[in-house]
Amino acid sequence: MSGESGRLREGMRFRRHLLLLSLFVLLLVGVVVVVDRFDGDEEARTSALIDATARVDAGIAREMMVQLFSGVRDEAALRRRVRRLRAMVARLERGLREDLEEASEGIFADEEIASAIRRSLAGLDTALAGQERRVRRFLAIPLEEEKRARAVVIEEAADDRIPAALSRLRRAYERHYADEARVHEISKRVLIAMVVALLIYLVVLLVAAARRNRFLQGVLDERSALQEGKRLLLAAMGSAPDGILVCDRDGRVRYANDALAAMHGVADPEELVGRSAAELRGGTPGDPLYREMRATVAQGREWQGDYRLVSADGEERVIARTMSCVSLDGHDYLVGIDRDVTEERARAERLAATQRLESLGVLAGGIAHDFNNILAAIQGNLALALRHADEDGAGYIRRAVQGAERAADLCRQMLAYAGKGRFVVEPVDLSALVGGLSELLAVSIDKRIDFVQSLADDLPAIEGDRAQLQQVVLNLITNASEAITGGAQPREEGRITIATRVEEVDAERLSQAVTGSDLPPGRYVVLEVADNGCGMDEETRKRIFEPFFTTKFTGRGLGMSAIRGIVQGHHGALLLESAPGEGSTFTILFPPSEREAVPEEPVGDEVQPEEAAGGTVLIIDDEEVVREVAAELLGECGITTICAADGVEGVASFRAHGDRIDAVLLDMTMPNMDGSECFRQLRAIRDDVPVVVTSGYSEEEVLRSFEEGALADFVHKPFDPERLQQVMRRVAAARRRVGEG
Ligand SMILES: Nc1ncnc2c1ncn2[C@@H]1O[C@H](COP(=O)(O)OP(=O)(O)OP(=O)(O)O)[C@@H](O)[C@H]1O
Ligand SMILES: [Mg+2]
């Protein structure tokens with residue numbers, strides 16, 4: 001990185017500055033030492049020496065001698081004087097020796113001075129001895145001659161070698177001093193120059209240091225910003241709900257976040273680092289999935305797909321992975337984002353299955369509806385034929401009637417599956433309803449099977465259609481019986497249990513429901529049918545609600561589909577537990593009703609007291625056969641009929657025949673003008689005309705299109721001839737009675 005190398009360069013430059021500065025300071029110290037040596041002391045000492053020599057020189061020696069030896073009269077005085085002289089010479093000698101020492105060692109050693117000093121030293125003793133000698137000589141001289149003689153001696157002494165040596169020394173000193181003074185002067189200038197240079201250098205260095213500090217601060221800021229960014233990124237990646245992994249080109253995990261660790265059932269993401277990503281997902285480097293991912297990202301594209309993962313806790317999960325390639329500093333890395341989609345995929349599968357079933361339901365409902373119309377014609381005509389047939393013919397017709405009834409039952413199952421078969425909704429007591437079916441159930445169940453009923457007393461009512469609920473119970477019981485007797489190995493001790501109860505159901509249990517899993521948790525009325533029959537494997541369990549799915553030779557595969565439609569229509573839920581060889585338990589949950597249950601009573605014959613026959617009925621139906629059968633059936637009771645093929649024609653006929661019409665039999669689904677619009681128009685013409693609606697769909701659904709009490713009655717298609725005759729006779733007679741009265 002350029003920041004890094006810039007930092008290195010800057011660091012080196014700074015060290016160079018420091019080195020230079022230290023060298024400079026060393027040099028400066030040297031110069032200061034040199035200057036200092038000649039400064040002050042050295043200079044003063046040199047000039048003192050020169051002064052001393054100057055004093056010794058020229059006359060001083062003589063004076064000295066005069067002073068020393070004048071008045072010396074005896075030996076004792078002479079000795080005293082000589083001691084003083086020696087002390088003086090000794091002082092002089094000490095001084096000279098010190099000078100000699102300095103002049104012969106150290107940086108400024110000067111051999112010339114040294115030898116001059118040495119010579120002076122050598123001469124001192126001799127000179128002293130000479131003086132002594134002379135003074136002794138002088139002592140021997142008589143007093144008269146003394147003055148002259150003294151002068152001679154003193155003259156001699158003055159010419160002696162001390163002053164000569166000292167004056168040479170002085171000259172040498174003077175020369176030397178002149179040289180050194182020059183050196184000193186130069187050194188002083190150098191020193192000043194160096195001090196100025198050092199100051200400049202220090203300023204430069206300070207500026208450089210400030211710049212360097214600014215630069216370093218920048219680098220530090222940049223680094224801490226980078227580190228903060230990195231930490232933030234790691235924290236964000238670490239807390240991401242999706243698993244994130246980064247692999248090197250060999251497919252080894254370099255980074256994994258917490259979510260990924262959780263997916264693999266390990267506590268610490270570090271445990272995944274260094275492992276092979278392919279092996280982590282349960283594959284191998286080089287397996288087809290690995291090659292596919294590699295090939296895709298190698299083309300610079302993103303790889304997306306699902307894989308199955310068996311995590312450390314042994315659970316199988318579906319993971320959706322997005323993999324792409326990221327290049328950094330010339331290295332390629334693979335970045336994968338894993339999402340646990342187990343639930344999502346399962347939900348999508350369930351939704352797809354539900355949608356498939358629903359579209360099949362629409363189809364089945366449509367077919368059933370059309371079939372009902374056809375069956376209405378067949379059953380109506382068969383009923384008519386039966387009345388006119390002789391004994392032989394009646395047998396055939398009855399069989400045909402049975403066939404038609406089975407077909408009608410099939411239609412009923414299909415309509416129930418399509419959710420279109422809910423006819424009369426009322427509060428029903430499930431226990432009572434099952435109890436009432438006992439006889440019918442006993443016939444439907446194989447004799448060898450133990451049938452146990454466990455029905456709760458005072459069960460809350462549920463809002464339901466009795467016929468449909470009976471259909472559910474019957475279908476479940478039939479299936480249970482068939483599972484016991486019909487399997488590959490029929491069970492010896494078969495048992496079927498039917499139970500009703502109230503249960504508090506929680507969300508978790510509801511979530512396992514095959515249908516109605518979205519119901520709120522709470523109190524439900526439960527209908528449970530359990531058997532110890534052959535049970536179902538996973539594959540069968542998944543498909544039992546598909547219409548026409550059956551594993552039985554004679555089965556139609558509509559029973560469970562109808563149950564599903566009915567349970568949905570009743571806003572209930574269905575739970576299923578089953579395993580091969582271990583029987584099955586179907587549990588249906590119904591929301592309890594607020595209302596009291598209507599007591600269970602045997603469906604009474606709707607036979608009315610004989611109504612006087614007669615009257616005129618307008619039949620409006622788009623199916624010609626239905627019109628014909630209805631007309632024929634009503635004709636049998638002495639009712640005159642007028643037929644119309646659709647709503648428009650019906651309204652026209654009604655307008656034309658006006659008062660003559662006592663009642664109208666009106667179909668719901670018709671082209672041009674449907675039943676409800678036709679009803680509105682008929683009532684607009686005459687508001688008291690009784691209208692009986694007929695439809696293959698549920699009464700509840702039909703009634704929703706009308707105001708309460710607007711219809712005289714409802715006859716379900718395919719119609720039971722007896723019921724149609726009864727209803728129409730009653731309605732037409734009532735109108736006539738009103739008319740007569
Ligand atoms: N209690 C059960 N035990 C085992 N398998 C069952 C049970 N109930 C249903 N099944 C399975 O579900 C399939 C579908 O059942 P469904 O009632 O819809 O059709 P069917 O019984 O085959 O024919 P039908 O329309 O005559 O009832 C059955 O064929 C059977 O494989
Ligand atoms: Mg069945």
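Trainee: Which helices and strand each supply at least two residues of the shell around ligand 1?

Mentor: They are helix H14 (466-485), helix H17 (559-569) and strand E12 (584-590), where helices (H or I, at least four residues) and strands (E, at least two) are DSSP runs numbered from the N terminus. H14 gives the most, with four residues. This is a predicted model, in which local features need pLDDT of at least 70 and side-chain atom pairs count only at pLDDT 80 or more, while totals for chains, interfaces and linings use all residues. Residues are numbered from 1 along each chain as its sequence is written, and side-chain values use heavy atoms, with hydrogens and water left out.

Trainee: What makes the contact between ligand 1 and Leu-558 a polar one?

Mentor: A polar contact is a pair of N or O atoms within 3.5 Å, and an oxygen atom of ligand 1 is 2.7 Å from a polar backbone atom of Leu-558, so the pair meets that limit. An oxygen atom of ligand 1 also lies 2.9 Å from a polar backbone atom of Gly-557. The protein buries 93% of the 590 Å² that ligand 1 exposes when taken alone, an area from the Shrake-Rupley method with a 1.4 Å probe.

Trainee: Why is Ile-367 called partly exposed?

Mentor: Buried means under 20% relative accessible area and exposed means over 50%, with partly exposed in between (1.4 Å probe, protein chains only); Ile-367 has 37% relative accessibility, and therefore counts as partly exposed. The place of Ile-367 is in helix H11 (residues 342-388).

Methods. Chains lettered and ligands numbered in written order. Polar contact = N/O pair within 3.5 Å; in protein donor to acceptor, adjacent residues only side chain to side chain.
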